[in-house]
Amino acid sequence: MNDPSPVTGTSGHVATGVWRTARLIAGKDLRIERRSRVIVNQVLPFAALVMVLFAFALDNDDVLLRTAPGLVWLGTIFSLLILVQRSFAVESADGALDALRVAGVNPAGIFLGKSLALAVQLVVLEMLLVALAMVLYQAQLDAMGAVLLVTTIAPATTGLAFVGTLYGGLAAGARGRETLLPLLLFPVVAPVLIGATRATEAAFGAGSAAIDEGWPWVGVLLVFSALFGVGGTLAFGPLIEE
Amino acid sequence: MDHAGFIFASYIAAFGGSAGLAWYAIRRGRALGRQLPDEDKPWI
Amino acid sequence: MQSPAGTEAGTEAGTDGRTGNRTTDRHTNGNEDSAHVATTQTPPTASGSAHRAAGSARAGTGTRFTRVLGVLTIAALAVLALFALVLSPPDVVQGESVRILYAHVGTVWVAYLAFIVTAVASGAYLWKRTSSLTWDRIAGASAEIGVLFMAITLFTGSLWGRITWGTFWVWDARVTTTAFLFVTYVGYLAVRGLGGTHEQRARRSAVVALLAVLEIPLVHFSVRLWRSVHQDASVAGSTDVKLDDEMLFTLLLGTVAFTMMYVWYVLHRQRVLAMEDALDDKGLDLALAERRNEGLEARDMTEGTTR
């Protein structure tokens, strides 16, 4: 790596710049995943299993087709819990997160970096779930639908990544806190669930939704991501300070 | 009165909940107040 | 034996610097507490007349202001019950079920007020110029009563809805947002219970509260947009009531009475939280002092010297 040596700024933070810090940390998280393959081996199969269990529970092809968008995003959100826990589990070993902070790494950079890595993992997950919805539930996607779907996945994923990293940072750490993550996270991801599902309904043409109806929801998702991107960047530092 | 059951249930919930909370607040205040000297109580 | 540095002078009554007396005092106080409390507290009645003994100022969190406020609150709630259940007429359209609204509107107003106060107090704590743990305690106390009143709101609202619309629940923006606020604040209270120093607790929960301020409008907007597709927005419209003077008075009285209850509770509760924090701090000092004394005594015994 041709990184120049970092210079300490007056704020006390190592002045490598937020974006560069974020890239380094995202790279670290993704490298850990590439070597350990925990998500590929455990979380993706879990998500696939959830899609199968939905079919067992709903027991009706028409219902499955109609609800396919919702099931995709429900599966995503359930898996998000595990992904967030994993994201911070790699930090709690050897107190890595504390070491990062004590070393003066900008918490905004940590937040953005971990969000970026989480977003990459989420995109892979969502693509799997969409593919499974098409295979298991007979969902269909035409060209315009695919465009809408891709434009939906982008802000939805970043939104989920931001709130996941934010509340994950809070719930990580001391014993007895992990159970707090679902309680805190699920109310917050509700707008993403609503927005992404409605947009995906339009993309799949499920429930007689027209493609046009999806675009306002993409707007909602963009607003959500922007708000929590900024809010998370500001809040992450105070939240993980112990 | 029509729907008397629902109406009374609402008032029991609202008033009873308030009363329960008030009772809890007073009780906790008394229990702690006995353990602390007055200088720790800026409202006195 | 000297009092170890770091313990405040004059902590508990009867302390003369020796560990033995100190622990005895604490045990005695504890026993007194439970005995005393058990004999003087009467359980509340359904009409809201919580027993408020005229105990000495030192024992509890009351001041003259809160005592006066408390009496006025009980009076207001009693008058509310009288008007709401007896004196006011049934509604032309809704019939008797409008009586539920007199309580419901008051509790929903307080629930949202509590939410706003928690958010503002959290902001005040985080803002350096006004930072003080008192804000944190106000935020916590407000959230506690807010959670209870949101639960009451959802309960009374669903009973009213059952009568008026035939369903206990409806997926419109206001109802759904209230439910989300409830869950969010349950989470907030859980975050307050995570432990650590008072400052850590305060900072963590303040951030969570402000994030909730961000989240709740988003939820509300998303749900409203969602339900407008199903043309359910009109359901909320049917809460309009043709109010004659007595009904309007009762509604406003309900709002005022429950707001007084809210203020009374937050005042008391934040004082209790201040005492709990002080006790925490003292407990730590005391524990440290006792450990030091144990160490000194052990050394005395092994060296065979007396002090």
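Two residues are in contact if their C-beta atoms, placed from the backbone, lie within 7 Å. The model I am showing is a predicted one.

Take C:Tyr265 to begin with. Setting aside residues up to four places away in sequence, C:Tyr265 touches B:Leu21, B:Ala22, B:Ala25 and C:Ile145. C:Tyr265 and C:Ile145 also come up together in the largest nonpolar core, among the residues with the most contacts inside it. That core has 153 residues. The other residues named for the most contacts inside it are C:Ala114 from chain C, and A:Leu129, A:Ala133, A:Val163 and A:Tyr167 from chain A. As background, nonpolar side chains tend to be buried together in soluble globular proteins.

Now chain B. What secondary structure does chain B have? It comes to one helix and zero strands. The C-alpha trace of chain B spans about 55 × 15 × 10 Å along its principal axes. Chain B has 44 residues, and 45% of them are buried.

Next, where chain B meets chain C. This contact takes 37 residues from chain B and 48 residues from chain C. On the chain C side, the elements giving two or more residues are helix 1 (19-40), helix 2 (64-87), helix 3 (98-126), helix 4 (133-164) and helix 8 (245-303). Helix 8 of chain C supplies the largest share, 10 residues. By type, the side of chain C that touches chain B divides into 23 nonpolar, 15 polar and 10 charged residues.

Chain C also touches chain A. Here 21 residues of chain C are in contact with 21 residues of chain A. Which elements of chain C give two or more residues to this side? They are helix 5 (173-192) and helix 6 (198-229). Helix 6 of chain C gives the most, with 13 residues. The side of chain C that touches chain A divides into 13 nonpolar, five polar and three charged residues.

Last, one residue in chain A. A:Ala47 sits in helix 2 (residues 38-58) of chain A. Is A:Ala47 buried or exposed? A:Ala47 counts as buried because it has 24 C-beta neighbours inside 10 Å, and the cut-off for buried is 20 or more. Leaving out neighbours within four places in sequence, A:Ala47 is in contact with A:Gly75, A:Ser79, A:Leu125, A:Leu128 and A:Leu129. For a distance within the chain, A:Ala47 and A:Thr200 are 153 residues apart in sequence, and their C-alpha atoms are separated by 18 Å.

Notes
Residues numbered from 1 in each chain as written. Chains lettered and ligands numbered in written order. Predicted model: local features only at pLDDT ≥ 70, side-chain atom pairs only at ≥ 80, totals over all residues. Helix = DSSP H or I, 4+ residues; strand = E, 2+ residues; numbered from the N terminus. Buried ≥ 20, exposed ≤ 12 C-beta atoms within 10 Å, placed from the backbone. Nonpolar A, V, L, I, M, F, W, Y, C, P; charged D, E, K, R; others polar. Core = buried A, V, L, I, M, F, W, Y, C linked by C-beta atoms within 7 Å.
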